[in-house]
Structures are given as structure tokens and as C-alpha cells.
Amino acid sequence: MFRNQYDTDVTTWSPTGRLFQVEYAMEAVKQGSAAIGLRSRSHVVLACVNKAQSELSSHQRKIFKVDDHIGVAIAGLTADGRVLSRYMRSESINHSFTYESPLPVGRLVVHLADKAQVCTQRSWKRPYGVGLLVGGLDESGAHLYYNCPSGNYFEYQAFAIGSRSQAAKTYLERRFESFGDSSREDLIKDAILAVRETLQGETLKSSLCTVAILGVDEPFHFLDQEAIQKVIDTFEKVPEEEEGDEAGEGEAEAAAVAPAEQGGAGAGDQDVAPMEM
Amino acid sequence: MTFTIPIENGDAGKVAEAESQRTLYPYVTGTSIVAIKYKDGVLMASDMGGSYGSTLRYKNIERMKAIGKHSLLGASGEISDFQEILRYLDELTLNDNMWDDGNSLGPKEIHNYLTRVMYNRRNKFNPLWNTLVLGGVKNGKSYLGMVSMIGVSFEDDHVATGFGNHLARPILRDEWHADLSFEDGVKLLEKCMRVLLYRDRSAINKLQIAKITEEGVTVSQPYSLKTFWEYSSFHNPTASAEGSW
């Protein structure tokens, strides 16, 4: 995207019917580190890459518990993400207090989307620079939604956002049809494998990723490092394993996809502003 | 719904605009409601009377109404406040329907919403002068609860309001059991309503029985109970209590 005379204000349309400020906000999401979500009929798994500013600092939190039955993973301006998570927690708890019942996730994402839309139609505001993967339950089971700075929201079986998310999306596109009936363990495994895709050859360690899960009979919680490492160990034993192994397959495909990604993603990386993670 | 408590005069007591706008006492009132859980859901009984003090003024008041797809609300106390509550619930269920997303407010949610409303009004010293009975069935689970005008709320297998608490509940405690059939449930309710008819001066002999199951709500046509006034103790009521009337 290049600078043009219609991109100063969010309240200025371009002659081709675009709101450039909104589109720039969506760029901010693409610069953040990857976040992945996938769901079966009864469970939702959220996973993200832990990226730290420097070796001295800890990594930023990108997955938040909103309620026992709703969690959110963010990518982009984490400060905006934190504020929106607080809003979601507030909505959720107010509903629980009034109705003694969990807020259906589908209704929460609409509230969130409406909040984001307001920022696209006020000259004194700016759009939120964060994409949210909201996973949660309602009466019809588990759902995964993606909320965009534009105020749009979409429901997904599986999705990935942030930098190098295309690699994860490609992996998920191949497998998503089976997710609906996946077991809880397979879902977690697929999430971690998808995270691995975004790492582009870097060895996958449990310290590099955060995974959280929620389900129909399982309140939202993070998986601890041990549990994650155990799953990693099942496919990352020795890189030169036999072909029949999941790992072998995964490795070969990752190698094929990686070179294609490197070109675009590499350049993007240099422009990551300090406030984005 | 947001509840704000104005603190204009710094007077924690009477916070409504002017004295004349607070509820001080009820005017047109309904008497007891009795409700029980049974095999397929909940049964609720009420008479159709609206008393104006000691006058049995209105004899065609429906004090039980269906709420949404899954609930039934019965009210005793001030009839106009009951109608106000129905308006609140109308708005609530309308908005719930407009979501059109497969989720709906069940009896538990409605009960808790009403508890919040009643308690918040009580805190403002401007109560809705009702005792509400909320019954319903959702996803095969029966629910029966009660909220009073001061916001006391609870769930139980059988509930009653007003005089029903004193006259009907003892009968229910003895004779209610889980998985009552529809016929047995109605017989049990009629037994309670008959006692109330004999002993509660604001009761009239025109009652309705409402049933709520997974399929929905049905409110019966009004009918009367057969009464017997020839008990020997009715002939000389003060025989064992000289000087009383």
C-alpha cells in the first residue's frame, strides 16, 4: 500500500470506496506475531508464538481468559488487545451477574464488532489495531470467531492471524475438514503443528508457544509447559524419522512451504514497531 | 440494564424524585400462587381475583403469563406492578429473539433477571409490590423459583406465595413427590386451592391451572372447585372458642 491523499482520516472515503485508515489498521494485525485458533464440535484451542522484545525481557501475553467458557488470542497492538479483553471480561461478567448464565460467545463478538465499528466512523477516534481470535461456547457448542479492526467478524473452523500466519493457514486448510470430530488431544496437536509452521524451520520448543483450551465440560485454562512439550515430543523426536510418521510428513511439507514464505515475510519483519508484538 | 442510585440529597433513605412517586402500599392485589414441579415440567395454579382492599373487585384477572419459549410467570401482589414487569420481560424477550442466533433466555436466566430488578427497586425504596413465581422447562430440565418484593429469591420443588405459604406448603411438604403425573399434580394443586378458597378471604372460586413442559405453555380455561359447606364445625364455628366470631 502506498500513501495517498485519502488516507489521513478514518472518516475519508477514497474514490474507489475504501477507508484506508481501516486497512492500515488491518496491516498492524499482520505485523503482530502469530496467533492460531481451531475448534471441534466441543472444544476450542488457541495457540500463539511467544515473542519477546529482547533476550532480557519476558514475552508478551497474547492469550486472555475472558470467562470460564470464552478465551481470546490477539495479534497486533497488544495494548489495544488488552483494553478490548477487559471490555469482553466486563460484558461477560455483567451478563453472568444479571442472568446467572454464561454469555453466548456469538453475542459477545457482535458487541465487540459494534465497538470496533464505532472507531471507523468517528473523526476523533482511530480503529483498534488488533485482531482477535475469540473462542467460546454457547448453546450450540464450540465456536471460533475472528474480529477484525474493520468491525467485521467471521466464524471459522480454524484460522491464523499475524506474521507468517499464511504458513499456518495452509496447514490448517489441508486438515480443517476433520477438526469437527477431532478428539481434544488431536486438536491440541494440530494447533501446535500449526504454530510450528509459522516458525519457519526454527526448532519448536514449549517455551516458544503458549496454548490454551476450553471445551463443553472444560473451563478455559492454559496448558503448562510440560504438557506442551509432551505433544511436541510425539512428532519432533528425531527429524530424520521414517515417512510413515506424522513428523516426516509435516517436515517435508514445511520445507516445501517455507521457501515461498521467506521472501515476503522477511521484509515485513524489519518494520515491526516496538509496540507491536 | 444498568442501575444507578442518585445521591442528590445525601439522604440514603428516600431517593425517588418525590414522595408521591414511591410505592407505599398496594392497591389492586392478587392473592396466592401455588406451583409444583411434576414429571413433564411445572404446574402452576392461581385464582382470577383482583382485590381492592377488602372488596373482591375484579374477577377476570390472569395472573399467570407465558414468557418467551421456556417460562411461565405467576404473580401475587399489586396487579399494575405485575403488568409493568410483563412489559420489562416483553422488551427482554423481544431483544433476545432479535438476536436470532439459536440461543434463548431460559427460566433460570429470567428468574435471575427478575431477582436483580426486584432487589434494585427495593434498594431505591420503590419496590414492585409482587411476589413472583417463575417456572419453566429448558433442554429437559425443569425449573421453579420465586422472587419476593424485597429481592429474596430461591428455587424449590414446590413454591407458594402469600397465604399459600401458610396453607398450601404444609400440604405440599407432605404430599409432593418427584415425578408426579399430570393428573396427580392437578389434584394436589386443587387440594391446596380448595383450602385457600375456604380460608383466604381474598380468594375467589374461579381458578386457572397452567402447565409448562418442553413443548410450551398451556393455561387452562377458568373453572371452579366444588366446595362443601356442611361440615359440622361450620355449623357452629365458635363451639370450641367461645367469644370469637
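How many salt bridges does the rule find across the interface of chain B and chain A? The rule finds three there, a salt bridge being a side-chain nitrogen of Lys or Arg within 4 Å of a carboxyl oxygen of Asp or Glu. Keep in mind that this is a predicted model: local features need pLDDT of at least 70, side-chain atom pairs count only at pLDDT 80 or more, and totals for chains, interfaces and linings use all residues. Residues are numbered from 1 along each chain as its sequence is written, chains are lettered from A and ligands numbered from 1 in the order in which they are written, and side-chain values use heavy atoms, with hydrogens and water left out.

**Where the chains meet**

- On the chain B side, 14 residues touch eleven residues of chain A, where contact means heavy atoms within 4.5 Å.
- About 1,300 Å² is buried between chain B and chain A, and carbon and sulfur atoms give 51% of that; buried area is the accessible area (1.4 Å probe) that two parts lose on being put together, summed over both.
- B:Trp99, B:Asn103 and B:Arg116 supply 44% of the area that chain B buries against chain A, more than any other three residues.
- One salt bridge joins B:Lys138 to A:Glu139, with the closest N and O atoms 2.9 Å apart.

**The sheet from S3 to S7 in chain A**

- Five strands line up as S3-S4-S5-S6-S7 in an open, antiparallel sheet; strands (E, at least two residues) and helices (H or I, at least four) are DSSP runs, numbered from the N terminus, and two strands pair if DSSP finds at least two bridges between them.
- Strands S3 (63-67) and S7 (153-156) of chain A sit at the edges with a single partner strand each, so one side of each has no neighbour in the sheet.
- Neighbouring strands here are turned by 25° against each other on average, direction ignored.
- Helix H2 (residues 78-99) of chain A packs on this sheet, touching S3, S4 (70-76) and S5 (130-138), and its direction makes about 15° with that of S3(A); axes are lines fitted to C-alpha atoms, for helices over the stretch in contact, and angles run from 0 to 180 degrees between N-to-C directions.
- Helix H3 (residues 105-118) of chain A lies across S3, S4, S5, S6 and S7, running at about 155° to S5(A).
- Strand S6 (residues 141-147) of chain A pairs with S7(A) over four bridges, in the antiparallel sense, and A:Asn147 has A:Tyr153 as its bridge partner in S7(A).

**The sheet from S8 to S10 in chain A**

- Another open sheet has five strands in the order S8-S1-S2-S9-S10, again with antiparallel pairing.
- Its edge strands are S8 (158-161) and S10 (218-222) of chain A, each pairing on one side only.
- Strand S9 (residues 209-215) of chain A and S10(A) pair over three bridges and form a hairpin with two residues between them.
- A:Gly215 stands opposite A:Glu218 in S10(A), while A:Ile213 stands opposite A:His221.

**Two helices crossing**

- Helices H5 (residues 184-199) and H6 (residues 225-235) of chain A pack at about 75°, with axes 10 Å apart.
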